[in-house]
Amino acid sequence: EAGVAQSPRYKIIEKRQSVAFWCNPISGHATLYWYQQILGQGPKLLIQFQNNGVVDDSQLPKDRFSAERLKGVDSTLKIQPAKLEDSAVYLCASSFRTANTEAFFGQGTRLTVV
Amino acid sequence: GENVEQHPSTLSVQEGDSAVIKCTYSDSASNYFPWYKQELGKGPQLIIDIRSNVGEKKDQRIAVTLNKTAKHFSLHITETQPEDSAVYFCAPHYGGSQGNLIFGKGTKLSVKP
């Protein structure tokens, strides 16, 4: 079974530039999550999709972050414009359903904003 | 919202010793309690989980115990090996059927050969 695929693995941008991350979840997984993991901390949920609908985006900084999951499969997360404090690893995860079930994580995209 | 605390933040043990990491949570409605292991440069990976209808679960050298009354659950690793060195996160489920996992701040475990 193929795992969660993310790209790119690394990205360096200057502040105020824009950046986009891509995620392909495990086939058949209805739920997709984007997490932000700042160095030395636990992952923090940014947004959760159920199929192509948003379930929870309460912690997404909507003035600069956006995400979509067209057709309920792949997803993209965008930051525009980036700030220095956005430097982090962005993790995508998927699960078969939302409640009481394992979330499978991709390797993440390490973003550095200079 | 859910408050998750994990202790200790760092733990160093000799190979062969046992390691215990504790996680406390605030949402009394939580009923799914996983532990994730994260190695350098990788995403977190589930190592063991427990649901609220059981008090303990074992998988070879790893076990998880749950005390729902006190709202805490613990990860136990016996006969530690150098490859157990990693960061461990508890991530109790929060928010019911449409909820998600809330991660603790992590415990960095170092196993010295």
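Leaving aside its neighbours within four places in sequence, B:Y88 is in contact (heavy atoms within 4.5 Å) with B:Q6, B:I21, B:Y36, B:K37, B:I47, B:L75, B:I77, B:G106, B:T107 and B:L109. This is a predicted model, in which local features need pLDDT of at least 70, side-chain atom pairs count only at pLDDT 80 or more, and totals for chains, interfaces and linings use all residues. Residues are numbered from 1 along each chain as its sequence is written, chains are lettered from A and ligands numbered from 1 in the order in which they are written, and side-chain values use heavy atoms, with hydrogens and water left out.

B:Y88 also belongs to the largest nonpolar core, which has 24 residues and in which B:W35, B:I47, B:I48, B:F73, B:L75, B:Y88 and B:L109 have the most contacts. Such a core is a set of buried Ala, Val, Leu, Ile, Met, Phe, Trp, Tyr and Cys residues joined through side-chain atoms within 4.5 Å, where buried means under 20% relative accessible area, exposed over 50% and partly exposed in between (1.4 Å probe, protein chains only). Among the elements that give two or more residues to this core are strand 2 (10-14), strand 8 (72-77) and strand 12 (107-112) of chain B, while strand 3 of chain B gives the most, with 4 residues. Strands here are DSSP runs (E, at least two residues), numbered from the N terminus. Apart from this core lies another, of 21 residues, among them A:I13, A:V19, A:W34 and A:V113.

Where the two chains meet, the contact takes 21 residues from chain B and 23 residues from chain A. Chain B and chain A bury about 1600 Å² between them, 47% of it on carbon and sulfur atoms; buried area is the accessible area (1.4 Å probe) that two parts lose on being put together, summed over both. In chain B, the residues that lose the most area to chain A are B:Q98, B:N100 and B:F103, together 27% of what that side buries. Between the chains there are 7 residue pairs in polar contact, both residues at pLDDT 80 or more. Strand 4 of chain B gives the most to the side of chain B that touches chain A, with 3 residues.

B:Y32 lies in that strand 4 of chain B, and because its relative accessibility is 0%, B:Y32 counts as buried. Not counting residues up to four places away in sequence, B:Y32 touches residues of both chains, including A:N100, A:T101, A:E102, B:D49 and B:L101. Its side chain makes a polar contact with the side chain of B:D49 (2.7 Å), a polar contact being a pair of N or O atoms within 3.5 Å; within protein, one must be able to donate a hydrogen and the other to accept it, and residues adjacent in sequence count only if both atoms are side-chain atoms.
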